[in-house]
Amino acid sequence: MTDSSTSAEPSDLTGAQLPAPPQPWPAPPQAPVARSPKLGRVAMVMAICVISASVLTSVLVGLFGTTIDEYRTGTSAGFNMRPDQAWFAVQMLLGSIAGIWALTQGIVAAAQNRGRRFGVVAIVLAGAAPLVSLIVWVALGFAFGHHTQM
C-alpha cells in the first residue's frame, strides 16, 4: 500500500514559487556608470574666459585708465595709484560672478568625477585670475599710468 499524500508529483509543483537558495558570498559589485566629463569641460572653458577677460581688462586699465598721484611733504614722499572707476567696477562685478561660477562648477566636477582633470584646471585658473589680474594692473599702471603731482 502506498501513501500518495506524502509523495509529491512534479506536476503538482508547477504553480509554486520556490525560494532561491542562499549564496555564501555577496553579489558582485555593479560596474560604475561612466559619467560625462562635460561639466568639467564647461567649467574649464568658463575659467579660461574669466582669466582672459580679467587680464585683458587689467591691461587696458593699466595702460589707459590709471592715475598715479604723487605727493611730497617736507619729510616724506608717496603716491596713490587709482584705476578708472567704471572699468574697475565692470571688471570686479563680471569677474567675480563668472569666476565664482567657474570655481564652483570646477569643484563640483572634480568632486563628482565628471571631468575631474578639467575641473581641477578650472579651480586653479579661477582661483589665480584675481591675483594675476592684480599683478598685471599694478605693473602696467606703474609703467604707463598718468602721473600727477600733488
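The questions and answers that follow explain the terms used for this predicted model.

Residues are numbered from 1 along each chain as its sequence is written. This is a predicted model, in which local features need pLDDT of at least 70, side-chain atom pairs count only at pLDDT 80 or more, and totals for chains, interfaces and linings use all residues, while side-chain values use heavy atoms, with hydrogens and water left out.

Q: What makes up the secondary structure of the protein chain, and in what pattern?
A: The protein chain has three helices and three strands, and along the sequence they follow the pattern α-β-β-α-α-β. Helices (H or I, at least four residues) and strands (E, at least two) are DSSP runs, numbered from the N terminus.

Q: Why is Ser 133 called buried?
A: Buried means under 20% relative accessible area, exposed over 50%, and partly exposed in between, with a 1.4 Å probe and protein chains only. Ser 133 has 5% relative accessibility, and therefore counts as buried. Ser 133 is found in helix 3 (residues 116–144). Of the 150 residues of the protein chain, 26% count as buried.

Q: Why is Ala 34 called exposed?
A: The relative accessible area of Ala 34 is 76%, so Ala 34 is exposed. Ala 34 is found in the segment before helix 1 (38–64).

Q: What makes the pairing of Ser 133 with Gln 91 a polar contact?
A: A polar contact is a pair of N or O atoms within 3.5 Å; within protein, one must be able to donate a hydrogen and the other to accept it, and residues adjacent in sequence count only if both atoms are side-chain atoms. The side chains of Ser 133 and Gln 91 make such a contact at 2.7 Å.

Q: Which polar contacts does the side chain of Thr 66 make, and why is Thr 66 called buried?
A: The side chain of Thr 66 reaches the backbone oxygen of Val 61 at 2.8 Å and makes a polar contact with the side chain of Trp 137 at 3.0 Å. Thr 66 counts as buried because its relative accessibility is 2%. Thr 66 lies in strand 1 (residues 66–72).

Q: Why is helix 1 described as roughly antiparallel to helix 2?
A: Helix 1 and helix 2 (residues 85–111) pack at an angle of about 160°, with their axes 8 Å apart. That angle makes helix 1 roughly antiparallel to helix 2, because angles under 35 degrees count as roughly parallel, over 145 as roughly antiparallel, 65 to 115 as roughly perpendicular and the rest as oblique. Axes are lines fitted to C-alpha atoms, for helices over the stretch in contact, and angles run from 0 to 180 degrees between N-to-C directions.

Q: Why is helix 2 described as roughly antiparallel to helix 3?
A: The axes of helix 2 and helix 3 come within 7 Å and cross at roughly 155°. Helix 2 is therefore roughly antiparallel to helix 3. Residues that make the contact include Gln 91 and Gly 99 of helix 2 and Ala 126 and Ser 133 of helix 3, where contact means heavy atoms within 4.5 Å.
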